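Please read them with the structure open beside you.

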Amino acid sequence: MRRGTGVGAIKNKNLAQARYKDKGSVIAEDQFSQMTKQMDVFKKNLEEFAAKHKEDIRKDPQFRLQFQEMCASIGVDPLASSKGFWAEMLGVGDFYYELGVQIVEVCLATSHRNGGLISLEELRDRVVASRGRTSQDISYDDLLRAIKKLRILGNGFTVLTVGILQLVQSVPGELTMDHTNILQCAQKSGHVSKSQLHKELKWEAERAHRALDFLVKESMAWVDDQAGGERLYWFPSLFPAAAAS
Amino acid sequence: MDRFEWCDGNLYTGEQLVEQQTGVALYDGNEKTAFEFGTLILTTHRLMWRDQRNRTCVICLPLSLVIYLEEQPSGFAKSAKIVVHLNSAGANKGSGPFNQSSNSFIRLSFREAGEKGFLRRLQETLQQKKWATSVPGPSGTNPQLPRHRPGIVGIERSLDQRNKETDKNITAAFADLRQLMEKAKDMVNLTRTIATKIKDKQGDITEDETVKFKSYLLSMGIPNPVTRETHGTGDKYYTELARQLASMLTKPVEESGGMMTLTDVYCRVNRARGMELLSPEDLLHACELMEILGLPIRLRTFDSGVMVVQSQSQNEEEIVNTTTVLVSERNSLTAEELSQLLGVSVLLARERLLMTEKHGGVCRDEHIEGLRFYLNLFLHPPS
């Protein structure tokens, strides 16, 4: 194309652009029809797979985990929509969404006691109990994925890692590093004292006081003045699950 | 290859599964055989091969015949192979696919990789020689049923057998899963290319096609900015869902004081549905549409991130006034106390107090015993 000036050149340039655009659209159309065809083939494959393995997904936590990890590795979220292929044909959706409902119910039922903070272990025990004796096995991974989805509803569902424990928070509000450090200290025995915090975390009195006060205010910690000596702060969410139930 | 005999694929009592690998072909010496697409199964006693296309076709050979192993690494257009040198078969060998062979070695070709791991396990198993210590036998006259044996040992054995069956099935399931995912990956890559084109507005994809494309993305579960930006327009599913939810929830929301948290809505709706439950995302998208569609309830997000579904009839001023009056009547209120007065959840009562505080109606008093709200005497000095 001769590089010229003036109206003529502009007109030529526009023509060229239009031609390129057409070419682009031809390519896109081809790909689109290709995709439609592939989509139909894929649907059939998924149907076949579902016919053979739908029960496996329901029954086997390991298989579910593999399935979820593979989906994640290719950039697909099988739980995104109940209208998706995965949910409709494999029934993965129903499994996790129902689990979500049960998790919410357990958290609501226990939040008056633990302030909205519950250990993953206790959560699992209670959910399994509520599902009944004959229901399928639920793994921690199942719970975590369901919780991740529940977060979208805005109730502040988060999972905190405190040392080797995992705690599920079901109320909105941020717990700072200080708060989680206290929880970590309290892990072994279920309680802490101010002097323990001073010894283990090297905190001054004011800092310990502020953090502990917050946790008491949020009902996540209970005050115990009957321990004979210093005031103790107990965390119901850290009580061993057996003792709690 | 004449060392192989037909079998049913079931494990003998005392025999244990060690390793499995799909995509293995068998060579008689250096020659190809018809046994091309199979799963190679290593147990403590035998080496088995099951045809992936015809799962009833299973052959096996006892590990006691193996003299030594060689490795042939993969090369250009050649898969990695293990060469297994064998002794001659015993006198009581059952019928097999080959009656005689001039070769006393076979080659295992790993077309789906896995050769190194399998070789290691094979070497370990050969060293352990478990077949020498226990005397295996076929597990009963009818291999389909577990052998009838009294007592706890019998029960344990049949449980074991059942677990092994499940294991085998699950492994097959994993193989199928992998295949499915490969196909899904291709789909994802293709949709990515098209999505980029739409975004850059290259190419003349029609309105219809765009809508169709977005529904494909939704079906596959591929998150994509294209979908998110313009989901409001022409999305029949969500519009319908929004209307359904509105008609279902208007009354319960009114009864709970005009507001219900989204989590609460999620639980109620899904409990009512029983099957074909809604995903949290679907619920959120539908609720986001409610205001645009002019439905009697709509979505509202508080500063704290809490999301509620609120009656149209509720307006902010009204809430602020009511709350201020209630607080001043009782001198002070906490969220728990207000929740009991109004018959709403503590979470919602708290949001009302926070909102009223934002508008200057009440002031807070933070204390270890909790958060308490008092009438804002700065704005409303006592007369």
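1. In this predicted model, helix α6 (residues 236–255) of chain B packs with helix α7 (residues 262–273) of chain B at an angle of about 105°, their axes lying 12 Å apart; axes here are lines fitted to C-alpha atoms, for helices over the stretch in contact, and angles run from 0 to 180 degrees between N-to-C directions. Because angles of 65 to 115 degrees count as roughly perpendicular, α6(B) is roughly perpendicular to α7(B). Contact, meaning heavy atoms within 4.5 Å, is made from α6(B) by Leu241(B), Gln244(B), Leu245(B), Met248(B), Leu249(B) and Pro252(B), and from α7(B) by Val265(B), Arg268(B), Val269(B), Ala272(B) and Arg273(B). These contact residues of α6(B) and α7(B) divide into 8 nonpolar, 1 polar and 2 charged, where Ala, Val, Leu, Ile, Met, Phe, Trp, Tyr, Cys and Pro count as nonpolar, Asp, Glu, Lys and Arg as charged, and the others, Gly among them, as polar.

2. The axes of α6(B) and helix α8 (residues 280–290) of chain B come within 8 Å and cross at roughly 80°, which makes α6(B) roughly perpendicular to α8(B). On the α6(B) side the contact involves residues including Tyr237(B), Tyr238(B), Leu241(B) and Leu245(B), and on the α8(B) side residues including Asp282(B), Leu283(B), His285(B) and Leu289(B). The residues of this contact divide into 10 nonpolar, 2 polar and 1 charged.

3. Turning to the interface between the chains, 59 residues of chain A are in contact with 62 residues of chain B. The two chains bury about 5,500 Å² between them, with 69% of it on carbon and sulfur atoms; buried area is the accessible area (1.4 Å probe) that two parts lose on being put together, summed over both. In chain A, the residues that lose the most area to chain B are Phe32(A), Ile74(A) and Leu153(A), which together account for 13% of what that side buries.

4. On conventions, residues are numbered from 1 along each chain as its sequence is written, and chains are lettered from A and ligands numbered from 1 in the order in which they are written. Local features need pLDDT of at least 70, side-chain atom pairs count only at pLDDT 80 or more, totals for chains, interfaces and linings use all residues, and side-chain values use heavy atoms, with hydrogens and water left out.

Terms used: Helices (H or I, at least four residues) and strands (E, at least two) are DSSP runs, numbered from the N terminus. Angles under 35 degrees count as roughly parallel, over 145 as roughly antiparallel, 65 to 115 as roughly perpendicular and the rest as oblique.
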